[in-house]
Amino acid sequence: MRRRGPDFRRPVRRRFTNVFWITLCGLVIVLFIVVLSRENRKPNPRSVYTKRSFRHDKIIEWLNITDEMLSPDSVTRQLNDQIALAKAFIVIAKHSNNLQFAWELSAQIRNSQNLLSNAALRRTPLTTSESELAIRDMALLLFQAQQLHYDSSTMIMRLKAQVQGLEEDMNSAKDKSSKYGQIAAEEVPKSLYCLGVRLTSEWFKNGNSQRKLKEKKQIAMKLKDNSLYHFCVFSDNVLATSVVVNSTASNSQNPDKVVFHLVTDEVNYVAMKAWFTMNSFRGVTIDVQKIEDFTWLNASYVPVLKQLQDSDTQSYYFSGTGGDNRTPIKFRNPKYLSMLNHLRFYIPEVFPELKKLVFLDDDVVVQKDLSPLFSIDLNGNVNGAVETCMETFHRYHKYLNYSHPLIREHFDPDACGWAFGMNIFDLVQWRRRNVTGIYHYWQEKNVGRTLWKLGTLPPGLLTFYGLTEPLNPSWHVLGLGYTNVDPQLIEKGAVLHFNGNSKPWLKIGMEKYKPLWDKHVDYGHPLLQQCNAH
């Protein structure tokens, strides 16, 4: 057989498709467009320069700068720079009490300004020859200022020292103001002292007052009648207590159902009895007791009295020398250890027969009938009070020391605070929950003042934690003794509280709020007139 020769056929040439060529042409066109657009975007150096020049001309026109002033050899600009520096040195010279040097600088400034004014009027630039003397004299004065250490760094150090001195003076003034304000707030006005003396004298001279007291003993049953509206006030201020009773009686729809339980100290007991015996308050029943008759209030039972026997506590509150000397004076006020102030934690023992009672501070004025308070459902809680946590500084963490583990573990720092001064207490629940025992526990834990510093509100917040029912804010409006209060709140308020140092019976009281208190005082009363009370 014949072998078949090899196949020498030419290979077939591959051809690109039409799609490929169309795509390639498209890419070339796009590239051309992009390059062309970039060329168009390139700014014209001439146009940019023109814009900058225009903006520069506008600035020069706005600042009223002449070409002569822009010249590197400008005499006018040199004079203006010297004048600006000299004005700064005048201020420093006056501050350093170097008035002679300040006067010399002022004179040289006027001389330089006259040269500039004359040049402006004749519209020709200043020449070196006519300004040489002024520039040299000013330069000598400026050099002299530097020799006097009027340079910036030295002046900054001086000002810093002065600012520090002023801050120290301000802190000292604040401290003195706080001390004097506290003294003024604790002061017993002469008129009130006079009233107490005259009432005591009247009581022992006038047998009728004592006979009236015996007649009033016939209504002793009212003091235990739980169908009536019972209020209590613990105070050593006769006139302030009288305003509380009078304003409550004046606004009560049934004053014959109102019973006031007043507790004072032995010093003011006779005066308090005399005042409320010789004056009538629309048929309101009033009983006056003295705290010294509560024999169960002794150091073995009451932690506050036990603390008073401690020498460190006495030194802290009475001499102000114990503990941290930086503690504000208000923390060292002995009134915060007064048993009249802490008696609010023993109300069920003071009034063992009562089931519900409204507690009022002696610096309040009543504007509405308070009988609806007794029908408020406290939902099993002990204390009905108005909350004051609209601001952050009235939350628990502002009253208590949360660095102490006992406080940190048991109380929410953002819990809402509330106010003493107008509180409705369910005494049945109080006794059942042993609230006084809770108070004793926390008071004993605070022997070294490590939980809180002062007052009855912090232990109250601890004692009634989880046992307080919020009331409508209109029941108790606070702040009339230290700040401005919204007039609408005052108008709607049932009880207005003059909490703070500016009590309405003191000279430092806030004048615009005094009439709210004064209208419940009978300044025509013979004893008040004799004591010049006004």
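1. Is tryptophan 296 buried, partly exposed or exposed? Tryptophan 296 has 25% relative accessibility, so it counts as partly exposed (buried is under 20% relative accessible area, exposed over 50%, partly exposed in between, with a 1.4 Å probe and protein chains only).

2. Housekeeping: this is a predicted model, where local features need pLDDT of at least 70 and side-chain atom pairs count only at pLDDT 80 or more, while totals for chains, interfaces and linings use all residues. Residues are numbered from 1 along each chain as its sequence is written, and side-chain values use heavy atoms, with hydrogens and water left out.

3. Searching the whole structure turns up 24 aromatic pairs (Phe, Tyr and Trp rings, the last by its six-membered ring, with centres within 6.5 Å; planes under 30 degrees apart are stacked, over 60 edge-to-face, the rest tilted). Take tyrosine 229 and phenylalanine 374: the centres are 5.2 Å apart and the planes at 40°, so this pair is tilted. Tyrosine 229 sits in strand β1 and phenylalanine 374 in the loop between β5 and β6, so the pair ties together parts 145 residues apart in sequence (helices, H or I, of at least four residues and strands, E, of at least two are DSSP runs numbered from the N terminus). Both tyrosine 229 and phenylalanine 374 are buried.

4. Back to tryptophan 296: it forms a tilted pair with tyrosine 346, 6.1 Å centre to centre and 50° between the planes. Tryptophan 296 is in the loop between β3 and α12, tyrosine 346 in the loop between α14 and α15, 50 residues apart. Tyrosine 346 is buried, at a relative accessible area of 0%.
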